[in-house]
Every structure is written in structure tokens, then in C-alpha cells.
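Please examine the structure shown below.

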Amino acid sequence: MQINSFKKNIAIALSLITFFALQGDVFAADTIPTQIPDLDEQIEVTVSPTFPEPNQAVTITLDAYGIDLDNSNITWTSNGKTLLQGNGQKVLNTNSGNLGQTTTIIATISAPNSKLIKKTITIVPQSVDLIWEAKTYTPPFYKGKAMYSPQEKIKFVAIPTGTAINSKNAIYKWSIDGEVLGDKSGFGKNMLNYTGDILAKPIEISVEASDGNDNIAKNTLPIAPTNPEVYFYEKSPLYGTLFNKELSTLFDLGTNQEGTMSVYPFFYGVDGREDGTLEYSWTINNSPIEVPVYQNDMTFRNIDNISGKSVAGVTVTNKDNFLEQVNKSTLINFQKADSAISF
């Protein structure tokens, strides 16, 4: 009886073990679906460009893992309006709205043998203006922009123009030719100071402005250095420098016995044409004129009262930047003054 009872207990124990093993298999089978991601998580959405500007062309692309999108019916809608529909319509070409305007696009995917899948894409175009100022000289009354010369300083300022990004509280990320400037980027750093290198090559400045959330604006500005320039103007004893007429081709004295010509440098890295780093070397018919190197005005006289032409030239050099050296010349025309008085 004890042996039979022992065998019976073993049989009961084995039955319990088998029962729990089977139950374990059932439990494991029940947990498998929960380990598989939802179908909508298997679909990836790509928006290009990543940070659309206002009224810019935008391409939205769907990509899937484990779902045959080519055989799926895809419907694209925006604000209840159907933009595109059909099998395999994985790409939508559309446009962003106005500055700060929210556009919501829904992609509804009906894949074979699966539930209906919806992906929502929200586009809020933001913008950031990127302006620059070169630290170079231009003469008085010059209405143009001071250009950026090789090896000179230039300042960039980023100004977000959207409503979502506050310029004072924005986070800025600066890049030059794709390389992020970590020490120049950060909270409130909307200005970037840059000094050109000796190679005088073009650069590409990029900035991203963000509110720390999903609102991001980006702008890129290519810029190339400009060579400095030199121009001649007549200096009148009565009116001063006559900036309304440039004398690069001809300084016509006519019958006047003398005239003064002023030289003005443009886009040099100096504070003014009187800057001590500038040197002026004058010539007449290719022969040097012995005057101080700081002299930027030259008076020419028709001492012999004859008619003729001469070539006046000047070389303007920045001693602190050997790349800033310009040669300039012009033709001086003078005529004999007729002293006879006719009636």
C-alpha cells in the first residue's frame, strides 16, 4: 500500500509539472504579440527639407519595415481635403504654409491583411534671417554695403522672424562649411564674429535657431571675399571732394592751370583713409613722385602752359594685410590757356 501510494504521489506530481509547463507555454504565446511593435511604429516618415521655410516645396516620404506599401492603398489628406490617393503612393509633394502657419497632413494606409494605419505630420514653417556686416572702410555718403575682404573681420547676426521662436530666448547653432562651432553656439548666441583666412576662399555660414522644442528655423549663407578697390575724385577748393563723379578714366583739367585729385580706398580693413596703416605711393608717367607715404591727395599743375596728357597713378597698401594692395591710374588731360583777349 505504501508503494502504491508513493507511485500515485509521483504521478500526481508529474501531472502538475506537465500542467504548469503547458500553462507556461500558453502564457509565453500570449505575451509574444505584445513584444512586436505596433504596425504604425514600423512606418517611418521623412520630411524634406527637415526645417521647411514659408511657402517652400516639401516632400514627405513613407518607408516601412514588414509592410508592403507598394500594395497598400495610401490616402493623403490635409484639413479634410484629399491631396493624393492610390496604391503605392508613398511620396507626397506639397508646399508649406505661410510663416508660422500650421499644416497638418494625415497619411492613411490600408495595408493587405492588417489594420488601418494613420500617420500624422505637422509642418509649422519658421524662418531666420541671416545678415552680415564687414568691418571694412567705405567713404562718406557711400550708399552701398561695405564688402568683406580677405583676412578681414565680418559679423553675422541671426534674427528669427517666426512667432514660435523668440530671438532673445532662442538656442543658436552656428556652422562653417558644415562644421559646428560648439563654442560659438548656445542659448542667446545670435551673433558670430569671423575673421577670414589667408586663402581667401568662399565660405558657407549656417545657423539654426530653436525654441528648445520642435520649432526650428535654419538658414545658410554662402559668402566670398571681395578684393579691395581704389577710386579717384576731384577735390574742389570751393565744394570739397566731388563724390558725384569718379575719375578712373580721365581727369580733365581743361585750361585750368591746376587741379587736385583725391584717392579713396574701398573695403580695406581700416578705420579711414587717414589710417596710419595705409601707404600711398604716387607716380606720374610711371615715375615715382617724392611725397610722404600718408599723402592721399595730389595736386597737378600745368606749369609750362602746354597741351598734353599724362598718366597719374597710385598704389594703396595696407601694411597690416599684404593682400590689400591696389594699383590705380587715370589719364590727366590739360590744355594751354589762351591769354589773348579777343573782342
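**Salt bridges in the model**

Five salt bridges are found when the whole structure is searched. The model is a predicted one. As a general principle, side chains of opposite charge can pair when their charged atoms come close.

One of these salt bridges is formed by Lys-173 and Glu-208, whose closest N and O atoms lie 3.7 Å apart. This pair connects distant parts of the chain, since Lys-173 belongs to strand E10 (residues 171–176) and Glu-208 to strand E14 (residues 203–210), 35 residues apart. Lys-173 counts as partly exposed because its relative accessibility is 35%. Glu-208 has a relative accessibility of 18%, and therefore counts as buried, the cut-off for that class being under 20%.

A further salt bridge involves Lys-235 and Asp-297, with 3.0 Å between the closest N and O atoms. Here, too, distant parts of the chain are linked: Lys-235 is in strand E16 (residues 229–236) and Asp-297 is in strand E22 (residues 297–301), 62 residues apart. Lys-235 is partly exposed at 35% relative accessibility, whereas Asp-297, with a relative accessible area of 16%, is buried.

Strand E22 also contains Arg-301, which is linked to Glu-258 in strand E19 (residues 258–266), 43 residues apart. The side chains of Arg-301 and Glu-258 meet in a salt bridge with an N to O distance of 2.8 Å. Arg-301 has a relative accessible area of 55% and is therefore exposed; Glu-258, at 44%, is partly exposed.

Technical notes
Residues numbered from 1 in each chain as written. Predicted model: local features only at pLDDT ≥ 70, side-chain atom pairs only at ≥ 80, totals over all residues. Heavy atoms only, no water. Salt bridge = Lys/Arg side-chain N within 4 Å of Asp/Glu carboxyl O. Helix = DSSP H or I, 4+ residues; strand = E, 2+ residues; numbered from the N terminus. Buried < 20%, exposed > 50% of the residue type's maximum accessible area, 1.4 Å probe, protein only.
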